[in-house]
Amino acid sequence: MEARDWYDTPLYYDIIFDVDTGLEADFLEAMWRLHAGGIGGKCGSVLEPACGSGRLISEMARRGWITAGFDANAHAIRFARDRLKRQKLQRNAHLWEDRMESFRLPPELGTPPRQFDLAHCLVSSFKYLSSERAAEAHLRLVASALRPGGIYVLGMHLTDYTDPRLTHERWVAERDGVHVVCNTRTWPAKRRTREERMRSRLLVTFPGTDRAPVRQETHWTFRTYSARQARKLFRTVPEWEIVACHDFHHDPDRVRPFDDSYADIVFILRRR
Ligand SMILES: C[S@@+](CC[C@H](N)C(=O)[O-])C[C@H]1O[C@@H](n2cnc3c(N)ncnc32)[C@H](O)[C@@H]1O
């Protein structure tokens, strides 16, 4: 088993998580219409912090959105750019390497920079921000990148600090002769330090070929949130109002409460 950052091999990540891309893009468009004055049949502009392999960047660009995204990982950005080029979508999409806690919009987005209608960060990437200060800085930066009335759709797993169990998730997907099995493990969170140890293991095989399987493992730590801790954080950035919560079913009709009764929460934050 090779120790490796799984975002350094964006193809394998993309194969697993691309399965829900269409559903997630539908949800983003529905939230934009419901909460940000979006008009059906029209497209706006969208910013994706920590865009990774760019699966949602490509999908939103394909639907006609002006898209922008950045990621700390150079391999992921290269992968995302190559796909946009292949799909001839690069004219409406801007990608750059940057960090969630300190990003700047690049000059090609205008001076003063374009103000986006929508931003999103769906799959717990926010929990990579390792301190309250970094999380606050990120929320301020995203607020200043959106127009008043624009929304930030932010998805993350909440933590139950009383749960002593290890949790495990498994995904299997195949694309163009590359078969990927991904197992992630989450260790019980530490309430005092608000840390959660994570591990992903990928087994990649190439059916019908002699190519040797790839086995790789990544360890990282997430900063944890209960509903109360998330609420406290959002209050420190008064530019945001919380307008709705959903869950990872990404069903626009399924509005959920802002509490700890479920783990996979999606916050809809609107820029005042
Ligand atoms: C779970 S992936 C999500 C990718 C993409 N948003 C998606 O939905 O497929 C998390 C991404 O966060 C990036 N990342 C982690 N910490 C970051 C930071 N501080 N700033 C920018 N990107 C970061 C990783 O490189 C990785 O591509």
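How many residues of domain 1 are in contact with how many residues of domain 2? The count is 16 residues of domain 1 against 17 residues of domain 2, where contact means C-beta atoms, placed from the backbone, within 7 Å. Before going on, note that this is a predicted model: local features need pLDDT of at least 70 and side-chain atom pairs count only at pLDDT 80 or more, while totals for chains, interfaces and linings use all residues. Numbering runs from 1 along each chain as its sequence is written.

On the side of domain 1 that touches domain 2, E1 and H1 each supply at least two residues, and H1 gives the largest share, 4 residues. (Helices, H or I with at least four residues, and strands, E with at least two, are DSSP runs numbered from the N terminus.) That side of domain 1 divides into 9 nonpolar, 3 polar and 4 charged residues. Here Ala, Val, Leu, Ile, Met, Phe, Trp, Tyr, Cys and Pro count as nonpolar, Asp, Glu, Lys and Arg as charged, and the others, Gly among them, as polar.

Look at helix H1 (residues 10-17) next: its buried residues are Pro10, Tyr12, Tyr13, Asp14 and Ile15. Buried means 20 or more other C-beta atoms within 10 Å of a residue's own, exposed means 12 or fewer, and partly exposed is in between, with C-beta atoms placed from the backbone. The cover over these H1 residues includes helices H3 (55-62) and H4 (74-86), along with strands E7 (167-175), E8 (178-186) and E9 (195-205).

Now for the sheet. Five strands make an open sheet with mixed pairing, in the order E1-E10-E9-E8-E7. Strand E1 (2-3) and E7 are at the edges with a single partner strand each, so one side of each has no neighbour in the sheet. Two strands pair if DSSP finds at least two bridges between them. E1 and strand E10 (residues 214-223) run parallel, joined by 2 bridges, and Ala3 has Glu217 in E10 as its bridge partner. E9 and E10 pair in the antiparallel sense over 10 bridges, with Leu202 opposite Gln216 in E10. E7 and E8 are antiparallel too, with 9 bridges, and Trp171 is opposite Cys182 in E8.

Leaving out residues up to four places away in sequence, the contacts of Ile151 include Met31, Trp32, Leu118 and Ile268.

Finally, go to the ligand. It has 18 residues around it, and Ala50, Gly52, Ala72, Asn73 and Tyr128 come nearest; near means a C-beta atom, placed from the backbone, within 6 Å. Ala50 lies in the loop between strand E2 (45-49) and H3, and has a positive phi of about 55 degrees although it is not a glycine. Ala50 is buried, with 24 other C-beta atoms within 10 Å.

Technical notes
Contact = placed C-beta atoms within 7 Å.
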